[in-house]
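Me: I have a model open and want to learn to read its features one at a time. Please take me through them briskly.

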Amino acid sequence: QCIMACPVGALHEKENIKDVWNAIADPDKYVVVQTAPAVRVALGEEFGMPVGSRVTGKMVSALRKLGFDKVFDTDFAADLTIMEEGTELLKRLESGENLPLMTSCCPGWVKFVEHFYPDMLDNLSTCKSPHQMEGALIKSYFAKKMDIDPAKITVVSIMPCVAKKFENQREELSSENLQDVDIVLTTRELAQMIKEAGIDFANLSDEEFDNPLGESTGAAVIFGATGGVAEAALRTVFEITAGKELEAIDYEVVRGTEGIKEATIELPNGKSINAAIAHGLANARKLLDMVKSGEKKIDFIEVMACPGGCVTGGGQPIIDAKTREVMDVKIERAKAIYDEDKSLPIRKSHKNPYIKQIYEEFLGEPNGHLSHELLHTHYQKRNRF
Ligand code: SF4
């Protein structure tokens, strides 16, 4: 398991279960929960289900039973990330500035760049990570829609990740003095809450996320596996450039567990994108060094700090050694992620009807003024030690 592989593995997992119980019990609080893509393919393991079981509907049902006022999906904001980051990529390709564009949804990777490659901070996408975007929208768009004082809203993120417990405390990830996300729980902590509440998880019936911030596409769910963000971005960038609907959207070339993957995607407008994907920070370092030395010319880089991506994040269920001897956990969970993608009726972020709606009703356009205020951030050089 990857607690040691997690870039902030040195920080011990800080338990926040009590904070969530207290918020739910407080009649003055409106408590909203959101769940990351990788949680739904691992949570079942805590209740005796096979590795890689998909439990999305049961997870939503359990969260309602725990007493959350709304159950939203971080995947909605993953779709939004594709709109914002895809636009950023197209603009940078046009201007030639700050290439390669590097993804910013993994806080372990972002902090690694801040410590070890501060000369490449401008290459990072300015997009906040999806759960931070979702939190910012819950406290602005959703609060306004529901006429709730944002100061009374508590946003809880269920994440496969312990680094997110650091990320949500970053000062620059708040708007109007309110943190985008108040509390981060890991998949294991959520399982603990479900057990404490005496919920018979395995026998729950499936329920749906709440809307408007719970609707998502197959492109969003694949964020949970290495290569997923790149594939989701390529689905949208390719189709927008083509100006027409495309059937072939499975970019097998960016999937799989090879340490560094590279692909050149020819766009319909005659241009091409050189994409590179790394997982695990040793691979990320190798890749960045090749880019800096000029050995590789890359336009778009996706990095996930955990081997295999978020499916094996430090907050996921711990698998015993015997089971690990007979299977590769990251492969089983990634398979579940791609099955979930295939099962969804919409598989491209820009086709999510609620994404279209939020731009029409509230945000205006991708990379517009309000998007910059709520959905984008900046980074800082940090000392190595
Ligand atoms: Fe967290 Fe995912 Fe990054 Fe691992 S890969 S540190 S789980 S965001």
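Me: At what angle do helix α3 and helix α9 pack, and how far apart are their axes?

Reply: Two packed helices are described by the angle between their axes and the distance between the axes. Here α3 (residues 74-95) and α9 (residues 228-242) pack at about 65°, with axes 10 Å apart. Axes are lines fitted to C-alpha atoms, for helices over the stretch in contact, and angles run from 0 to 180 degrees between N-to-C directions. Helices (H or I, at least four residues) and strands (E, at least two) are DSSP runs, numbered from the N terminus. Note that this is a predicted model: local features need pLDDT of at least 70, side-chain atom pairs count only at pLDDT 80 or more, and totals for chains, interfaces and linings use all residues. Residues are numbered from 1 along each chain as its sequence is written.

Me: How are α3 and α9 oriented to each other?

Reply: Angles under 35 degrees count as roughly parallel, over 145 as roughly antiparallel, 65 to 115 as roughly perpendicular and the rest as oblique. So α3 and α9 are roughly perpendicular.

Me: Is the crossing of α3 and α9 left-handed or right-handed?

Reply: A crossing is left-handed if the near helix is turned anticlockwise from the far one by less than a right angle, and right-handed if clockwise. α3 passes α9 in a right-handed crossing.

Me: Which residues of α3 and α9 meet?

Reply: Two residues are in contact if their C-beta atoms, placed from the backbone, lie within 7 Å. From α3 come Ile82, Glu85, Gly86, Leu89 and Leu90; from α9 come Ala232, Ala233, Thr236 and Val237. The residues of this contact divide into 6 nonpolar, 2 polar and 1 charged. Ala, Val, Leu, Ile, Met, Phe, Trp, Tyr, Cys and Pro count as nonpolar, Asp, Glu, Lys and Arg as charged, and the others, Gly among them, as polar.

Me: How do α3 and α5 cross?

Reply: Their axes come within 8 Å and cross at roughly 105°. That makes α3 roughly perpendicular to α5. Thr74, Phe76, Ala77, Ala78, Leu80 and Thr81 of α3 touch Pro130, His131, Met133 and Glu134 of α5. By class, this contact has 6 nonpolar, 3 polar and 1 charged residues.

Me: Which residues of helix α4 are buried?

Reply: A residue is buried if 20 or more other C-beta atoms lie within 10 Å of its own, exposed if 12 or fewer, and partly exposed in between; C-beta atoms are placed from the backbone. In α4 (residues 107-116), Pro107, Gly108, Trp109, Val110, Phe112 and Val113 are buried. They pack against α6 (164-167), α10 (281-293) and β10 (300-304). An α-helix has 3.6 residues a turn, so residues three or four places apart point the same way.

Me: Why does Asp147 count as exposed, and why does Asn367 count as buried?

Reply: Count C-beta neighbours inside 10 Å. Asp147 has 6, so it is exposed. Asn367 has 20, so it is buried.

Me: What is Ser140 in contact with, beyond its sequence neighbours?

Reply: Ser140 belongs to helix α5. Leaving aside neighbours within four places in sequence, Ser140 is in contact with Pro150, Ser175 and Leu374. Ser140 has 20 C-beta neighbours inside 10 Å, so it counts as buried.
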